[in-house]
Amino acid sequence: MKITAQMVKELRDRTSAPMMQCKAALQEAEGSIDKAIEILRKKGIAAAAKKAGRIAADGAVGAYVHGGGRIGVLVEVNCETDFVARTDEFQELVKDVAMHIAAAEPRFVRREEVTDEALAKEREIYRAQALAEGKPEKIVDRIVDGKMAKFYEQCVLLEQPFIKDPDKTVGELLTERIAKIGENIQVRRFTRYKLGEGIEKKEENFIAEVAAQVAGRG
């Protein structure tokens, strides 16, 4: 089947892939736009995986403040070149990741960073819960394994559903950007601040305070 310029343009408009890759995908898909999109997606993921091993030492530190200053995030996102780091697309990605961290409260960037202590603590809690619910001992370990998968989804940034598009994870968002931009992109580290977090606040008993004031005046 002959691949026309209009077909290539339509595929490019829908995928943002380079012209030559669009033409090659259409040829492989025998002119089917939908099949060509699938081919590009598969090749994009494969290409992104190859780029993941490349050094990404440039990038940007992004900041996001939410709730009138009650929550703040600093995040370092790396790419390979200063040219990409200064693009609007990369800066928007950094902002989106910072906003996601503010909303989703991850504790780790990637699964490998979860400490043995944290894993042991969570497994102990889940095991105790299962036994307290009367689950048979022989299936408790399987239940714990299932809950640990949920733990990673809740606590590991790259495995969390992206706040602006829950159908994809933050890790999948990065993979899409790697395939589109053509450079390795990594979230290196982040810090999330919450106003008053870690400070033991004095509990005020308003009724008792008023009663004491009235008694004092009497």
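Mentor: Gly182 follows α8, and its phi is positive, near 90°. Keep in mind that this is a predicted model.

Now the helix itself. α8 covers residues 170-181, which makes 12 residues. From first C-alpha to last, α8 reaches 16 Å. That is close to the 16 Å expected at 1.5 Å a residue.

Next, burial. The buried residues of α8 are Val170, Gly171, Leu173, Leu174 and Ile178. They cover an arc of only 155° around the axis, so they sit on the same side of α8.

Then the partner helix. α5 spans residues 88-104. The axes of α5 and α8 come within 12 Å and cross at roughly 175°. An angle over 145 degrees counts as roughly antiparallel. The two helices, α5 and α8, are therefore roughly antiparallel to each other. From α5, the contact takes in Glu89, Leu93 and His100. From α8, it takes in Val170, Leu173, Leu174, Arg177, Lys180 and Ile181. By class, the residues of this contact between α5 and α8 divide into five nonpolar, one polar and three charged. Val170, Leu173 and Leu174 belong to the contact, and they are also among the buried residues of α8.

Look at the strand β4 as well. β4 covers residues 165-169, and Lys168 is found there. Lys168 has a relative accessible area of 17%. The cut-off for buried is under 20%, so Lys168 counts as buried. Leaving out residues up to four places away in sequence, Lys168 touches Gln160, Pro161, Phe162, Leu173 and Glu176.

Beyond its neighbours within four places in sequence, Phe190 is in contact with Leu74, Val75, Ile101, Pro106, Arg107, Phe108, Val109 and Leu157. One of these, Ile101, lies in the range of α5, residues 88-104. Val109 is 81 residues from Phe190 along the chain, yet their C-alpha atoms are separated by 7.8 Å.

Finally, the setting. The protein chain has nine helices and five strands. Of its 218 residues, 33% count as buried. Among contacts with a separation of 6 or more, 56% join residues 24 or more positions apart.

Key. Residues are numbered from 1 along each chain as its sequence is written. This is a predicted model: local features need pLDDT of at least 70, side-chain atom pairs count only at pLDDT 80 or more; totals for chains, interfaces and linings use all residues. Side-chain values use heavy atoms; hydrogens and water are left out. Contact means heavy atoms within 4.5 Å. Helices (H or I, at least four residues) and strands (E, at least two) are DSSP runs, numbered from the N terminus. The expected span of a helix is 1.5 Å times one less than its number of residues. Buried means under 20% relative accessible area, exposed over 50%, partly exposed in between (1.4 Å probe, protein chains only). The arc is that of the directions from the helix axis to the C-beta atoms. Axes are lines fitted to C-alpha atoms, for helices over the stretch in contact, and angles run from 0 to 180 degrees between N-to-C directions. Angles under 35 degrees count as roughly parallel, over 145 as roughly antiparallel, 65 to 115 as roughly perpendicular and the rest as oblique. Ala, Val, Leu, Ile, Met, Phe, Trp, Tyr, Cys and Pro count as nonpolar, Asp, Glu, Lys and Arg as charged, and the others, Gly among them, as polar.
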